[in-house]
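Please find below my note on the model under review.

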Amino acid sequence: MKFMNFSRKNAPNVVRLGCVFGDACFDITKAIGDDLLEFPRVVFTIEEVLQVKDGLQALEQQLGGLKRSSSGIQSYVFQPSEITFHAPIIHPQKLIGIGLNYKDHVEEIKATTPKEPLLFGMYGNAIIGPNEPIVIPPMSRQVDYEAELGVVIGRRARHVSAVAAVDYVAGYTIINDVSARDLQFSDGQWLRAKSFDTFAPMGPYLVTRNSLADGDGLDIELRLNGQTMQRSNTRNLIFKVPDLISYISNVMTLEVGDVIATGTPGGVGFVRNPQVFMKPGDVVEIEIAGIGKLSNPVADFD
């Protein structure tokens, strides 16, 4: 099932919880408030649901029953065109990046395949939702795209085995791990290059583990102004989702709502000849099978 954070266009500052409901969407916040759905309290975001033990699964089960009945639910149903989507996770404690995790990306930059996952940190200030602009900062003129599968943690994880790791997944989303390449290479590390405001577009949905299992075998594609720049499949990940969760949980405790950006495939802009960097007026779209499409315009710093 696909869950989303959204706001109605007549109340843009009020975030609500919804889900995809057939060809339309469903207002979960209103349904809980009206006692159509049973839940311990009214919730307004996916993160609030994740704080309730097995909350996502409970909603998923009830919503599955509602889909089979059309009586009395029309007031909760709306079209995607009527709302503004927000990032599915707005304030994670941790946003963890993985470097050099696709075989085709390692090959294109002529790097050595990592023996262990390469971890780096990003910050929540970089998160924006679908259709929000990626802003080119004054510090950089070499801003690159990176299509990535995002993993959202649903249970506190510490020293988890790879065999059990998928049980700790709440679901999956799409992340554009935007990177200022000139700063990345001048710094010799990745923190500044990936931490500018707007550099982590995310969304549009959180798709549950029940729908996508361990996230393997998903087609992933990035288009810049309609032209395909990256195309791969998550089966090409060097370290798969269970491996990443297990490895990271042996470094640090993964908390509910933490997000892992699993790495980007080949086709990034700085490797191309000539190089391709995003510029104001561009539109970048990332599509992952089973999740949907994340689209963001690019704007100059104002």
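The points below concern a sheet, a loop residue and a helix.

1. The model is predicted: local features need pLDDT of at least 70, side-chain atom pairs count only at pLDDT 80 or more, and totals for chains, interfaces and linings use all residues. Residues are numbered from 1 along each chain as its sequence is written, and side-chain values use heavy atoms, with hydrogens and water left out.

2. An open sheet of mixed pairing is formed by five strands in the order 9-19-18-15-16. Strands are DSSP runs of E with at least two residues, helices runs of H or I with at least four, numbered from the N terminus; two strands pair if DSSP finds at least two bridges between them. Strand 9 (134–136) and strand 16 (227–233) each have a single partner strand, so one side of each lacks a neighbour in the sheet.

3. Strand 15 (residues 219–224) pairs with strand 16 in the antiparallel sense over six bridges. Asp 219 has Asn 233 of strand 16 as its bridge partner.

4. Thr 234 lies in the loop between strand 16 and helix 7 (241–249).

5. Helix 7 is mostly covered, with seven of its nine residues buried; among them are Val 241, Leu 244 and Ile 248. The buried residues of helix 7 pack against strand 6 (95–99), strand 7 (118–122), strand 11 (147–153), strand 12 (169–176) and strand 17 (259–261), where contact means heavy atoms within 4.5 Å.

Note on methods
Buried means under 20% relative accessible area, exposed over 50%, partly exposed in between (1.4 Å probe, protein chains only).
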